[in-house]
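I opened the file today and kept notes as I went. The entries follow the order of my look-ups.

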Amino acid sequence: MMKKTIGITALLLFVLVSISAAQAERLEAALEKNHIMVGNPVYLNVIFHGAQNVARPDMPEIEGLRTKYVGPATQVFVNNGRVSQSITHSYLVIPSIDGEFKIGPFFVEYRGTTYSAAAVILSVEGGSSGVIAGIGQSSGTSQPSVQGYPSAKSQNTEAIKPYTGDRVFLVASVPRREVYINEIVPLTVKLYVNNLGLKEIEYPSFPFEGFSVGKWSEPDKRQERYDGEDYNVLVFRRDLFGIKEGTYTIGPAGVGCKVVVPKTSGRRRSSMFGRSIFSDDFFSGIFEQYETYPVKLESGSIEITVLPFPKKDKPEDFQGAVGDYNMEVAVEPRDVKVGDPITVRTVITGTGNMDTVTAPKVGATDDLKTYEPQVTKKENRKIYEQILIPKTKDVKEIPALSFSFFDPSTGKYKTVTDGPVDVKVNERPESENIVKVVSMGGKEKMFYPREKLGRDIIHIKENVGSLRPLGRYLYREPVFLAAQGVPLMLFFILFGIHRRKEKMRTDKKYARSLLAPGKARGGIKKARNYLAGGDIARFYDSIFKTFQEYLGNKFNLSIGSVTVFAVLDKLRPVNRKEDMLKMIREAFGECEMARYASSRMGASEARGTLEKVRKVIDYLEKVKL
Amino acid sequence: MSAPSKLKAAIFVVMVFTLMSVRQACAASGAYSEEAETLFRAGNEYYEQGDYARAREEYRKILEAGYESANIYYNLGNAYFKAGDAARAVVSYERSKRLNPGDADLASNYKFVRANIETPLLSPRGIWNWRILKQYHEKFTVDVLFLMSSGVYAAAIVFLLAGVYSRRLTRRFVIIAVLLLVFAFSNLFIAFHAAGEIGTKAVVMMPETESYYGPFDSATVFFKLAKGIEVTVLKRNDDWCKIRRADGERGWVKAANLEII
């Protein structure tokens, strides 16, 4: 154990000694590339060998160059037991003008010693190859144009030549001007750019009346020579095909984009040093030095004639497919039982408008049940899978399939045929007709084949059924129609009763007035009984109470406040019949007299009082109060 | 009388009136039932002997006496079909269906007979050919449709009264009553449509029946109607009927070529 510890300690000491022995400190500066275009960034690495704790060197400020400190990176190497270490300070340098720049020399201090690195030379050429989309293709088109680009005079470009009209343009082209219906025509739109920065390039717009078009493919970039000049070219492609005969003008193609040009003034000259790396967006910094202008580029238009299919030798099964195709038919399985599915796989390959290829399919027969083919489309290949079900064992072959198309390269129709394919259909044993299905839960269910049933009408009925008068319908019956009014009538009656009851409950005056005659009738009857019995005192007592209560209810007065004056006051405004008022006064007076001197009142007076009271009540029930 | 007892009385009165009206409409003469049964059985015997013409005569005697039943039309349809007259069989089955639309035997025979008549496929038009509406109104007899409307309407009135008398659930009862009334009147609309079809549906009896632009022989032929096809009679003009095909096309047809269902 002790020996092991001593060994490890010795090894560590050796490593430390080795490191210190490898301290051959020096400073180097190098550019990633010495030759670049305006606007292109390049890394400048300042490497200090022999230590890792060395501060970054100051970066001189150079006009036409913009620099940004990216950060330090440290490295340790062990080679044949020798250990070396270094620190690399990286800067990103972006030239905004062309020319040759001397960057440096660079100085750093380490342990009191100043180390230096020689300056580096950066050669910058005018123009930019950054976001430029290049396009190219040939064909005769009309003069291209650029819309919306600012005039050359307004641009003060030190490194970029002013726009002259041929630095960015659009060319649309097709390989042929005469095509057949459904024939694919590859359309190419090229964006040519020379010494100009473009960004936010849109996919081309393209009017295509009379044509059906596919999608734009991913644009590709290339360099092309056009009219003696080198251009960066962005190529857009899409297929189109005529859907109706005639001569059509398609295009012009249009592409929207933004042209990037350096700012004419206010270029930032201050050093990036001293600013926080986190608060500075490098790329936004780049674009702060540039201006962008939206432009709309347009190509010329193209005239194309769409020819009809020739009538001569047109196959009957021709469905409009155009191109050059091969067909292969495969049948699987070829040895089956009745009811088993057979798959007919038809593969059509070739070149041309695959959208116009339709499925050659096997037609249904008495012995063969067929389903619609399922199609799978791949590039230059269409696969149709059709399921056939033999219904009897008499099916011996799958009939031949043929597919006709028009070949525009030869101008002739072609028909490709494959088959017939022999198949063997065996009788299905009876036991196999029962299908056992096991569900996820493990439950078994048997499906028995549907029995073939004979068809005929069901036998006659044995009894005459429910007889009814001929042509008699409920809706024509007066009783039924009248009955429809009953619920409504009931509703109104019950509704009326309910409302009256509610009023009686909530309107005391109304309730008293309504109940007054009933109560009065009861009182009069009682008084009449007393009179018949010769009990005059009780008679007057009863008739007075009845009269008082009636008047109180009728005029909504409390019993105690019913006096002849109160009643006459209430009655006068609505009735001026003096004899009735007199009758009320008299009835009241007689009752009062009887109460205090009942011996003076005989039966005939009592009958007179009763008559007066009755008349007054009858009268008050008739008049509207 | 308390509020609940008044409601009960109202329900009772409504029910009594409804039942009375149903009975009034549906009841057949009990006295004729026995005779009808005898004629019906006689017709059945002829049918089973294969004498379809005499079977039809017996069944027709009941109809001529002024009575009908779904079973009479059903058997009559069978007798026509067995005798080879599919178009008249269709007419009889349609009449049977009007009285008993839920009869499964009838549906099966109707389908079978229809399949034996070669009629062109016409795309039906109009809201009454919308599947749900068609299925609904063909599921019930005209009487049942009117009864349903009547019953639901009476129920709506009861709920309305309950809403009037109830102090707590007034709103709920009124909502139910309104919904019931909506249903009752929608159903009534359908019932009137079904009633309107009585006497206006017809079956073409002659093969290749010509339909003209006008009610006269010299008019231009618009289209031809296959035997057994159903049409709607829109108007009658002496010996001519203005008809509408299922697809909405209209024309004039000689009345003699049609049999009203």
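This is a predicted model: local features need pLDDT of at least 70, side-chain atom pairs count only at pLDDT 80 or more; totals for chains, interfaces and linings use all residues.

The notes below go from confidence to the interface, then to helices and sheets.

**Entry 1: confidence**

I read the complex scores next, an ipTM of 0.82 and a pTM of 0.46.

Then I took the chains one by one. Chain A averages a pLDDT of 77, with 80% of the residues at 70 or above. Chain B has a mean pLDDT of 86, and 87% of its residues reach 70 or more.

I flagged both stretches in my copy.

**Entry 2: where the chains meet**

I counted residues on both sides of the interface. Chain A puts 31 residues in contact with 48 residues of chain B.

Which elements of chain A each supply at least two residues to that side? I listed β35 (468-469), α3 (478-483) and α4 (485-506). Helix α4(A) gives the most, with eight residues. By class, I got 20 nonpolar, five polar and six charged residues on the chain A side.

One strand pairing crosses between the chains. β35(A) pairs with strand β1(B), residues 67-68, in the antiparallel sense over two bridges. Within that pairing I noted A:Arg468 opposite B:Glu68.

**Entry 3: a helix pair in chain B**

Helix α8(B), residues 142-165, packs on helix α9(B), residues 170-197. Their axes lie 8 Å apart at an angle of about 165°. The angle is over 145°, so α8(B) is roughly antiparallel to α9(B). The crossing of α8(B) and α9(B) is left-handed.

What is the class make-up of the contact of α8(B) with α9(B)? I noted 24 nonpolar residues, four polar and no charged ones.

**Entry 4: a helix pair in chain A**

I repeated the look-up for α6(A), residues 536-554, and α8(A), residues 578-596. They pack at about 140°, with axes 9 Å apart. That angle makes α6(A) oblique to α8(A). α6(A) passes α8(A) in a left-handed crossing.

I wrote down the residues that make the contact. α6(A) contributes A:Tyr540, A:Ile543, A:Phe544 and A:Phe547. α8(A) contributes A:Ala587, A:Cys591, A:Ala594 and A:Arg595. By class, the contact has seven nonpolar residues, no polar and one charged.

**Entry 5: a hairpin in chain A**

I moved on to strands. Strand β29(A), residues 401-407, and strand β30(A), residues 412-418, run antiparallel and are joined by seven bridges. A:Phe405 has A:Lys414 as its bridge partner in β30(A).

The two strands, β29(A) and β30(A), form a hairpin with four residues between them. In the turn, A:Gly411 has a positive phi of about 75°.

**Entry 6: two open sheets in chain A**

I took the sheet β2-β9-β6 of chain A to begin with. It is an open sheet of three strands in that order, with mixed pairing. The edge strands are β2 (35-37) and β6 (99-103), and each pairs on one side only. The twist averages 30° from one strand to the next. β2(A) runs parallel to strand β9(A), residues 120-125, with three bridges joining them. I noted A:Val124 of β9(A) as the bridge partner of A:Ile36.

Then I looked at β12-β21-β18 of chain A. Here too I found three strands in an open sheet with mixed pairing. β12 (178-180) and β18 (246-250) each have a single partner strand, so one side of each is left without a neighbour in the sheet. The twist averages 30° from one strand to the next. β12(A) pairs with strand β21(A), residues 302-307, in the parallel sense over three bridges. For A:Val179, the bridge partner in β21(A) is A:Val306.

Methods:
Residues are numbered from 1 along each chain as its sequence is written. Chains are lettered from A and ligands numbered from 1 in the order in which they are written. Two residues are in contact if their C-beta atoms, placed from the backbone, lie within 7 Å. Ala, Val, Leu, Ile, Met, Phe, Trp, Tyr, Cys and Pro count as nonpolar, Asp, Glu, Lys and Arg as charged, and the others, Gly among them, as polar. Two strands pair if DSSP finds at least two bridges between them. pLDDT is the predictor's confidence in each residue, from 0 to 100. Axes are lines fitted to C-alpha atoms, for helices over the stretch in contact, and angles run from 0 to 180 degrees between N-to-C directions. Angles under 35 degrees count as roughly parallel, over 145 as roughly antiparallel, 65 to 115 as roughly perpendicular and the rest as oblique. A crossing is left-handed if the near helix is turned anticlockwise from the far one by less than a right angle, and right-handed if clockwise.
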